[in-house]
Amino acid sequence: MPVNSVAENVFGTSGTICWTVQLVPQLWKTYREKDSTGLSDWMILAWSISGVFLGTYSIVKNLNIPLIVQPQLFSLLTMASWAQCQYYGRRRSFNMTLLLFLCGCAILGGFEVGTVYAVQPSFSRGKRSGTEGIEFFGAMSTIFITIAFIPQYYEIYKHKEVIGISTLFMAVDLLGVFSDLSLVFKSGNFDIVAAVTYSLVIVLDGSVILAAWILNPHARRRRQHLDELEVSGLRIERPTTGVHQGTDGVVSTDTASATPVSQCPLTTATATPQSSCLLEKV
């Protein structure tokens, strides 16, 4: 592809916007439901860390401005989502959650600034240590993004459906393809490490959306079936384990049991409760 700085910045800006607004549906979903069940806070934290590594890589490699801004905003918003998981999911106090959020942002921000100043001088002078160092940061960003999905896949396996995580968030994340296109139009050699990172996000997000399409309809049907059984249970007599019949024919109980026993129809004109039928079914 020919070098085109306009196309590079347009696609880079589009990718940055998508990676920024993608977390808004997730933040709103968690806030609205006051629950983060099904959303792995470990995945969100790993994303924040990967954004720091990608931020160092983007700055030192001097990618276009939108691609440099992108991981900074991404890490900030993922830290906000992680804080929501601490508050709503792990039930930490508001003050503790705020403290964790601020400390996390300070640690990640300080780490990125320190690594940029540590690697950039040797990379700018063309030293091998600088080149290998920055490639390490690019690789670590890819690794963290990849392993971040493991706990989320476990949450999906555990709940047998995709809950807690906004599929709209994942769908917008797929538009990270704009970042790939931005690299295509960049002058110089094609940045393979950055392209792999953006492409992995597309593939892994797509797998979550696919799981939602497959598992969530089955889960809804399963819940509907259980609801129907529960409604039927309102017309089901639930006897207890200690069932005794006295000489007067009245059934008495000792302790509760969860075993449902269907009611028997009346068999006499006097409409006497069918204690004997109940005992037979027990």
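Biologist: Is the crossing of α4 and α5 left-handed or right-handed?

Modeller: The model is predicted, so local features need pLDDT of at least 70 and side-chain atom pairs pLDDT 80 or more, while totals for chains, interfaces and linings use all residues. Residues are numbered from 1 along each chain, and side-chain values use heavy atoms, without hydrogens and water. A crossing is right-handed if the near helix is turned clockwise from the far one by less than a right angle, and left-handed if anticlockwise. The crossing of α4 and α5 is right-handed. Helices here are DSSP runs (H or I, at least four residues), numbered from the N terminus.

Biologist: At what angle do α4 and α5 pack?

Modeller: Two packed helices are described by the angle between their axes and the distance between the axes. Axes are lines fitted to C-alpha atoms over the stretch in contact, with angles from 0 to 180 degrees between N-to-C directions. For α4 and α5 the angle is about 155 degrees, and the axes are 9 Å apart. That makes the pair roughly antiparallel (over 145 degrees; under 35 is roughly parallel, 65 to 115 roughly perpendicular, the rest oblique). Contact (heavy atoms within 4.5 Å) involves, among others, Leu76, Met79 and Trp82 of α4 and Phe94, Phe101 and Leu108 of α5. The contact residues divide into 11 nonpolar, 4 polar and 1 charged. Asp, Glu, Lys and Arg count as charged; Ala, Val, Leu, Ile, Met, Phe, Trp, Tyr, Cys and Pro as nonpolar; the others, including Gly, as polar.

Biologist: How are α3 and α5 arranged?

Modeller: Their axes come within 9 Å and cross at roughly 30 degrees, and α3 and α5 are therefore roughly parallel. This crossing is right-handed. Among the residues that meet are Ile49, Val52 and Phe53 in α3 and Leu108, Phe111 and Val119 in α5.

Biologist: Which residues lie nearest the centre of the largest pocket?

Modeller: A pocket is an open set of points on a 1 Å grid where a 1.4 Å probe fits, with protein on both sides within 12 Å along at least five of seven lines; lining residues have an atom within 4 Å of a point. Leu39, Ser40, Asp41, Arg90 and Glu155 lie nearest the centre, in a lining of 14 residues. The lining has 5 nonpolar, 4 polar and 5 charged residues, and its largest share, 3 residues, comes from α4.

Biologist: What lines the second largest pocket?

Modeller: Ala80, Ala83, Gln84, Tyr87, Phe94, Thr97, Leu98 and Phe101 do. By class, 6 are nonpolar, 2 polar and none charged.

Methods: Helix = DSSP H or I, 4+ residues; strand = E, 2+ residues; numbered from the N terminus.
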